[in-house]
Amino acid sequence: MKKLLALALAVVMLMSVASALAEYKVAFSQIGQESDWRTANTDSIKAAIEGHEGWELIYDDAQQKQENQIKALRNFITQGVDVILFTGVVSTGWEEVLKEVNDEEIPLILVDRMPDCMDQIEYAAAFGGDFVEEGRRQTAWAGEYLKSIGRGEEEINVVIMEGTTGADAQVGRTKGNLAGLEAYPNLKVVAQQSGNFTRAEGQALMESWLKSIDKIDVLIAQNDDMALGAIDAIKAAGKVPGKDIIIVGCDSVKAAFDAIVAGEMNATIECTPLYGPFVVNAVEKLQAGEAMSKTLVHPEEGVYDMDGGIDLGTVVSVKAADVIDERQY
Ligand code: GZL
């Protein structure tokens, strides 16, 4: 009997020590699994949190639905988590629920896509891509490349495959795409439509454009997954991707590097998903009670293409084949 009591006491003590050790609850409201970028982003943040002593990950995948994210945020509040990481599937409609997070004084860390109410809410830190510059780099790359192959005066038809409508990344990249085109008056936009950042929808959209548009010279795809779907459609239509149609993606995921090295894609603009180290740094500072800047931090990002050497002002492209083996996502 005494042995049983001793065992029970040991188990209770172990459980209380374990719960005391895993006492810091880091909640993450993730958008979904729509792209290779998103998968790499989830993996980076999960590994960082689950690999940190004393932290427990509370994770929610919203399957690209805003209503699911709002539910998740309210569940995090009910669970009494210690900090919330948040990226919004779209940029509007968050003020009410994020103010509920503020009212509960749960620190908020904004990653990736920013809510348009970020100036009206309290948050501890913010980290994400410079989407306008990424968009500008896409069209500037196309303009500079065409000039480099002697097509700088030719009337060029451009189609722009946009990301999820209303997402911070889609709004910013579209703004940048159009701003970049101002320097290349021979590049004319003949179609602009959302492929929702997914490969399947990118393929379907390119199939419809190939049927309805006589001459497509350049595809600007606001993420690599849509570009890869479009490549499938271009090949199925008997055209040569990367030659008949110049293809510029965004994200710089591994599959895009493979396509560029294979000659089926021309360039990709980097947008790193590897936010794990940023999250660790921010949450550790929160735990230590250290103040942090609220300035949105943009990571250093590159441009990768078939041959390198395309000067975009803020960056010069690098040959994808030269760095493909060292890529982390
Ligand atoms: C960008 C991110 C975008 C990626 C897409 O930071 O929000 O969402 O470009 C992803 O691949 O779906």
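**Notebook: a look around D305**

I started at the side chain of D305, which makes a polar contact with the side chain of S317 at 2.6 Å. A reminder to myself: this is a predicted model.

I found D305 in strand β12, which covers residues 303-305.

Then I asked myself: which side chain of opposite charge is nearest to D305, and how far away is it? The nearest one is K319, at 8.6 Å. I noted that D305 is buried yet has no salt bridge. A salt bridge needs a side-chain nitrogen of Lys or Arg within 4 Å of a carboxyl oxygen, so I could not count K319 as a partner.

I also listed the neighbors. Leaving out residues up to four places away in sequence, D305 touches W141, I260, N266, A267, I310, S317, V318, K319 and A320. I was pleased to meet S317, the polar partner, again here. K319 is on this contact list too.

After that I stepped back to the whole chain. I have 11 helices and 13 strands in my notes. The C-alpha trace spans about 85 × 45 × 35 Å along its principal axes.

On burial, I wrote down that 54% of the 329 residues count as buried; D305 is one of the buried residues. The chain exposes about 14600 Å², and carbon and sulfur atoms supply 52% of that area.

For contacts between residues at least 6 apart in sequence, I noted that 72% join residues at least 24 apart.

My last entry is on charge: I have 28 positive and 53 negative charges, with mean positions 3 Å apart.

Notes:
Residues are numbered from 1 along each chain as its sequence is written. This is a predicted model: local features need pLDDT of at least 70, side-chain atom pairs count only at pLDDT 80 or more; totals for chains, interfaces and linings use all residues. Side-chain values use heavy atoms; hydrogens and water are left out. Helices (H or I, at least four residues) and strands (E, at least two) are DSSP runs, numbered from the N terminus. Buried means under 20% relative accessible area, exposed over 50%, partly exposed in between (1.4 Å probe, protein chains only). Contact means heavy atoms within 4.5 Å. Accessible areas come from the Shrake-Rupley method with a 1.4 Å probe; for residues, only the protein chains shown count as cover. Lys and Arg count as positive and Asp and Glu as negative; His and the chain ends are not counted. The place of a charge is taken as NZ of Lys, CZ of Arg, CG of Asp or CD of Glu. A polar contact is a pair of N or O atoms within 3.5 Å; within protein, one must be able to donate a hydrogen and the other to accept it, and residues adjacent in sequence count only if both atoms are side-chain atoms.
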